[in-house]
Amino acid sequence: MQNGSRVASRRQFIKGAGIASAATLLSSSAALSKSQVPVDADASVPAKNLIFLVVDGLSGGTLGLAHHWQLRHNTQPLNWMQFYSQPGVFRAQQDTASANSPVTDSAAAASAWGSGQRVNNGAINRSPAGEKQKAILAYAKEAGKATGLVSTCRITHATPAGFVASVAKRGEEQLIAEQYLDAEVDVLLGGGARYFKAGALLDQFAAASYQIVSNSEQLAAKAGSPKLLGLFAQDHVPYRIDRENDPQYSSVPSLPEMLGSALKSLEKTPEGFVLQVEAGRVDHAGHVNDPAAILHEFLEFDACIQLALKYTQAHSDTLLVVTTDHGTGGCQLNGIGSAYTGSGPALDEINKFTRSFEWLQDEFLAQGKFDAALLEEMTGIATSPEVAAQIQAAIDEPVQYLSSTLTALLQPQLMAKTGTGWTSNNHTGECVDFMALGPGAGKLPPFMRNDAVFAFMADALRLRV
C-alpha cells in the first residue's frame with residue numbers, strides 16, 4: 001500500500017469511527033484505581049504517549065482459566081477484568097485475519113498494526129506484492145518521539161519487529177536487529193542476545209550511546225538512560241514459572257520490571273514516546289499446550305496492566321492499549337468430576353507445577369534419558385511404563401519439539417489434574433479484545449479489523465502518515 005492509499009484508509013477509518021456508537025463508560029468496580037483517570041476520550045487534544053500492551057496468543061479460554069484461578073486464590077479479579085469497568089475505557093472486538101488466511105501468525109498480525117497493511121503470514125511489513133511498508137515507530141521518530149520495544153521473546157521476534165522492521169521472512173532476525181539500530185529504537189528489552197553478536201553489532205549499539213545490560217541489577221542501575229539495550233537470554237526469556245523456581249534464572253528481570261525501566265527512559269523525551277510491550281511466551285505455552293506455563297505467563301502480563309494504568313493516572317496525555325494478536329492452542333478450563341465440581345480442585349492442582357515442559361525437555365535432553373522421578377517432582381504426574389517408553393523414544397530420535405510430545409503423551413493426566421484442554425498446537429481464528437484508555441480512545445469502534453489499528457493510533461498521536 002502506498003502512503004496515499006494509507007491516508008485514504010485512515011480517513012475512512014476516522015469517518016467510520018465518528019458515526020459508530022461509543023461504548024458506555026462504566027463505573028469502577030474494583031481496585032485497579034480508586035480515583036478516576038482524567039481522559040479526553042473524544043481526542044480534542046492529541047495523545048503525547050502510547051503504551052501498547054499485547055499478549056501474544058491469548059485465547060479466550062486462557063483468559064477464563066486465569067480469571068477463575070485468580071478468583072479462587074486471590075481477593076481481587078484479574079486486572080484485565082477490572083480494566084473493562086475502568087472509567088474511560090473503550091472496548092472493541094478485533095478481526096485478526098492476515099492477507100492470506102483467516103488464521104494469522106504473529107508477523108502478519110503485528111504488521112497489520114504497525115503499518116495498516118494486511119500482509120501474508122510470515123512476512124513483516126511487506127505487502128503481498130513484496131512492497132516495503134513504513135511502520136509506526138518510524139512515524140513516531142519523525143514526530144520527535146522516543147520509541148521502545150519490550151518482550152519476553154527474543155526482541156527480534158515477530159511482534160516487536162512489526163512496529164519497526166520490514167523483511168520478507170520473519171526468521172531474518174539478524175537483519176531485524178540491524179534495522180533496529182538503523183531506526184534508532186531508543187529502548188530494546190528482551191531476549192535474543194545471539195542476534196546482536198554477529199558483525200560486532202553489539203559494539204555498534206555501544207558506539208551509538210546505548211547502555212547495554214544483561215540482568216536485573218544492571219537494568220535497575222541503568223533505567224532512565226536515554227538509550228537502553230537489555231538482552232537477558234540468548235534465546236527467549238525463560239518462562240515465569242521457571243524464573244520463579246530455578247535459581248539459575250534469579251537475575252532475569254520480569255516483564256513488569258522491564259516495563260517500568262522502559263518508562264523511566266522514554267518519559268524524558270519532551271515530545272513523548274511510543275512503547276510496545278509484549279508478553280510473548282503466552283503464545284509459546286499455548287503452542288506446547290502447557291497449562292501451568294500459560295497461566296503464569298498471563299498473570300505476569302496482568303501485572304503490567306496495573307503498572308501502565310498507574311502511569312496514565314500521572315500522565316493523562318497517555319493512550320493505553322491492551323490487546324492480543326490472536327489465540328493459540330484453544331486453551332479451555334473444562335468441567336470435570338461430578339457436577340463439574342472437580343474443576344475447582346483442579347485450580348489447586350495446577351499450583352503443584354513448578355516447572356514448564358520446556359524446562360523438563362531441556363533436562364531430559366541434557367541427561368539423554370527420561371527421568372520419571374523428576375517429572376513427578378515438578379508436576380505431580382506419575383507415568384506408566386508404556387508412556388515412559390514413548391517419551392524415551394522421543395528423546396532418542398529426537399523429535400523437533402519434545403515439550404509438545406510430552407504434553408501430548410500426558411494429556412489424560414493433565415486434563416485430570418488441571419481440567420485444561422486444547423484444540424490444537426496452532427493459532428486460532430477467534431476475534432479478540434482490543435481496549436483503549438486515554439486521548440483518542442473514544443474513536444474506537446465496537447468492531448474493527450486489525451489493519452485499522454494503525455490509523456487509530458496514528459490519529460490519536462497526530463502522526464503525519
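The structure is a predicted model. Its salt bridges number 17, and one of them involves Lys 417 of helix H19. Side chains of opposite charge can pair when their charged atoms come close.

**Helix H19**

- Helix H19 covers residues 411-418, and its residues Leu 414, Lys 417 and Thr 418 are buried.
- Viewed down the axis of H19, these buried residues fall within an arc of 75°, so they line one face of the helix.
- Pro 412 and Ala 416, on the other side of H19, are exposed.
- Gly 419 follows H19 and has a positive phi, near 70°.

- Lys 417 forms a salt bridge with Glu 349, with the closest N and O atoms 2.7 Å apart.
- Because Lys 417 lies in H19 and Glu 349 in helix H14 (residues 343-349), the pair ties together parts that are 68 residues apart in sequence.
- Lys 417 has a relative accessible area of 15% and is buried, whereas Glu 349, at 22%, counts as partly exposed.

**Other salt bridges**

- Arg 154 pairs with Glu 173 in a salt bridge whose closest N and O atoms are 2.7 Å apart.
- Arg 154 belongs to strand E3 and Glu 173 to helix H7, so this pair ties together parts that are 19 residues apart in sequence.
- Arg 154 is buried at 10% relative accessible area, and Glu 173 is buried at 5%.
- Arg 154 and Glu 173 are also linked with Arg 194 and Asp 235 in a network of salt bridges.
- Glu 358 forms a salt bridge with Arg 281, the closest N and O atoms lying 2.8 Å apart.
- Glu 358 is in helix H15 and Arg 281 in helix H12, so the pair ties together parts that are 77 residues apart in sequence.

Definitions and conventions. Residues are numbered from 1 along each chain as its sequence is written. This is a predicted model: local features need pLDDT of at least 70, side-chain atom pairs count only at pLDDT 80 or more; totals for chains, interfaces and linings use all residues. Side-chain values use heavy atoms; hydrogens and water are left out. Buried means under 20% relative accessible area, exposed over 50%, partly exposed in between (1.4 Å probe, protein chains only). Helices (H or I, at least four residues) and strands (E, at least two) are DSSP runs, numbered from the N terminus. The arc is that of the directions from the helix axis to the C-beta atoms. A salt bridge is a side-chain nitrogen of Lys or Arg within 4 Å of a carboxyl oxygen of Asp or Glu.
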